[in-house]
Amino acid sequence: MKRRIILEQMSFFANHGCFEAERITGNTFTVDLAVDFDFSRAESTDNLADTLDYSRLYALVKEEMQRPANLLESVAGRIVARIEREFPEIKGGMLRLKKSAPAMGGQLGASGVEIEW
């Protein structure tokens, strides 16, 4: 049985982008994260010590979102790499990173990247 911990629609204002204007004015970015973690013990104990502390995952994502980068691909890769380093008990997951209303010469709600590992 697969068990996942999910943090959806984390919203951050950040200065990612290839163009100087993007890095100066910034934009809103949304992150969805789902991590594979066996929390079956916590199901019966109802004890935080038997699962992941969601706030630690959120803090990790927030830290990486605050570090400017040219590409969303780079930011997403950094987040996944840190999760793998700092949470070896996580066995895989999915990260989706979206940039709100990107400047593409037309109307677009968001653009983004997704990594599944």
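User: Which residues is histidine 16 in contact with, leaving aside its neighbours within four places in sequence?

Analyst: Happy to list them: Glu22, Phe29, Glu64, Met65, Arg67, Pro68, Ala69, Val75 and Lys99. Contact here means heavy atoms within 4.5 Å. This is a predicted model, where local features need pLDDT of at least 70 and side-chain atom pairs count only at pLDDT 80 or more, while totals for chains, interfaces and linings use all residues. Residues are numbered from 1 along each chain as its sequence is written, and side-chain values use heavy atoms, with hydrogens and water left out.

User: Why is histidine 16 called buried?

Analyst: Its relative accessible area is 1%, and buried means under 20%, exposed over 50% and partly exposed in between (1.4 Å probe, protein chains only). Histidine 16 therefore counts as buried.

User: What does the side chain of histidine 16 reach at 3.0 Å?

Analyst: The side chain of histidine 16 reaches the backbone oxygen of methionine 65 at that distance.

User: What makes the phi of aspartate 46 worth a look?

Analyst: Aspartate 46 has a positive phi, near 55°, and is a residue other than glycine. Most residues other than glycine have a negative phi.

User: Why is aspartate 46 called exposed?

Analyst: Its relative accessible area is 74%, so aspartate 46 passes the cut-off for exposed.

Technical notes
Polar contact = N/O pair within 3.5 Å; in protein donor to acceptor, adjacent residues only side chain to side chain.
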